[in-house]
Amino acid sequence: MNKGLRRGLKVLGGLMLATGLLLLTGTAYEAYQSTQDMKSYTPPGKLYEVSGRNMHLYTAGKGTSTVVMASGWGTPNPYVDFSPLYDRLKSHVKIAVYDRFGYGYSDYTERPRDIDTIVEEVHELLRKSGQRPPYIMVGHSLGSLETVRFAQMYPDEVAGMVMIDGGSPEYYSTVEMDTPEWYFDSARFLVKTGIARTLLHSDRMMATLVIDPELVAERMKKAATISTLKHAYNDNVMDEIRRSKINAARVLGNKEEFSFPLTILTVGSDQPSEGSRAWEADQANFASWSKQGNQQIVPHAQHYIHNSQPDVVAGAILKMAMAPGSQ
């Protein structure tokens, strides 16, 4: 073996050893910090036993209408995610934000994440916590499916629905999960080795991966970070997305026109493309699920409209909650 090759192998071996030591150190650091995180990870709401596990519900506000909020897929902390809406709503209506199993402050579960099971759990949580229907149901993104299914399974308990850039059952019944498994494996690896925690020290990365830190108080920023690291693509979350097409077909198979109002809030694209125009058209069709359905395009918004344009979302919810016959 010539000297140049021998020197090159030594350098490579040294780099591999250094990388291994860094990863071991990062893994140990992450394990320690995760333990420390749990000491301050206090639920802002209450925990209720549902199907043998603890499920979290945050409630606030006053009024005769109760607004129940369903987060989108993979949103690590629904309480933090919907927080830009609270001050705009709680003087007029009651708020109930739930964490599905595998999210926020709720436990994990062995139960499959089929749509009927999820909705039954939400219904039991609302009942056990003493919430009083009929509800204004609000669903973001994939949370639209469980929101619509709730109305199908418990029609007398829903007074209206607001979708925050939520896809229709028709849309989700045709869309496959196109993100490769290695992406989720890589994300979990970054969490386990402490790399993700380091990245989230950057406000820019925080805004990209979790929530804009300028929108929330420091304690909420910390809670969002802990949730992101704790729940990163766990089994419950992954089972939800893998079943999304089947779940959508289940909702679609029970389609009936709703009599209560339905508002579809849709992100308006600043630079319309074929894809964005198709999405807007699908959203317009989604409004036809109700006799009182309407679509509202929200310009200059992002998919998390309740973060980028909270006044618009709060306005749509309050308009529905204050309408005659909604209570």
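At what angle do the axes of helix H5 (residues 143-153) and helix H12 (residues 244-253) cross? This tour of a predicted model begins there; local features need pLDDT of at least 70, side-chain atom pairs count only at pLDDT 80 or more, and totals for chains, interfaces and linings use all residues. Residues are numbered from 1 along each chain as its sequence is written, and side-chain values use heavy atoms, with hydrogens and water left out.

**First stop: H5 and H12**

Select residues 143-153 and 244-253; the axes of H5 and H12 cross at roughly 30° and come within 10 Å. That makes H5 roughly parallel to H12 (angles under 35 degrees count as roughly parallel, over 145 as roughly antiparallel, 65 to 115 as roughly perpendicular and the rest as oblique). Axes are lines fitted to C-alpha atoms, for helices over the stretch in contact, and angles run from 0 to 180 degrees between N-to-C directions. Helices (H or I, at least four residues) and strands (E, at least two) are DSSP runs, numbered from the N terminus.

Next, display the side chains: Leu 145, Val 148, Arg 149 and Gln 152 of H5 are in contact (heavy atoms within 4.5 Å) with Ser 244, Asn 247, Ala 248, Arg 250 and Val 251 of H12.

**Second stop: H4 and H5**

The axes of H4 and H5 are 9 Å apart, and the two helices pack at an angle of about 70°. That makes H4 roughly perpendicular to H5. Among the residues making this contact are Ile 115, Ile 118, Val 122 and Leu 126 of H4, and Leu 145, Phe 150 and Met 153 of H5.

The structure holds 1 cavity of 30 Å³ or more. On a 1 Å grid over the protein atoms alone, a cavity is a set of points where a 1.4 Å probe fits but cannot get out, and lining residues have an atom within 4 Å of a point. Grid points are joined across faces, edges and corners, and a volume is the space filled by probe spheres set on the points. The largest cavity has a volume of about 80 Å³. To find it, select its lining: Arg 100, Arg 113, Ile 115, Ile 118, Leu 142, Leu 145, Glu 146, Glu 240, Ser 244 and Asn 247.

**Last stop: two loops**

Go to the loop between H4 and strand S5 (135-140), where Pro 134 lies. A cis peptide bond, with omega about 5°, joins Pro 133 and Pro 134. Finally, select Asp 165 in the loop between strand S6 (158-164) and helix H6 (169-172). Although Asp 165 is not a glycine, it has a positive phi of about 50°.

How values were computed:
1 Å grid on protein atoms, 1.4 Å probe; cavity = no way out; pocket = protein on both sides within 12 Å on 5 of 7 lines; lining within 4 Å.
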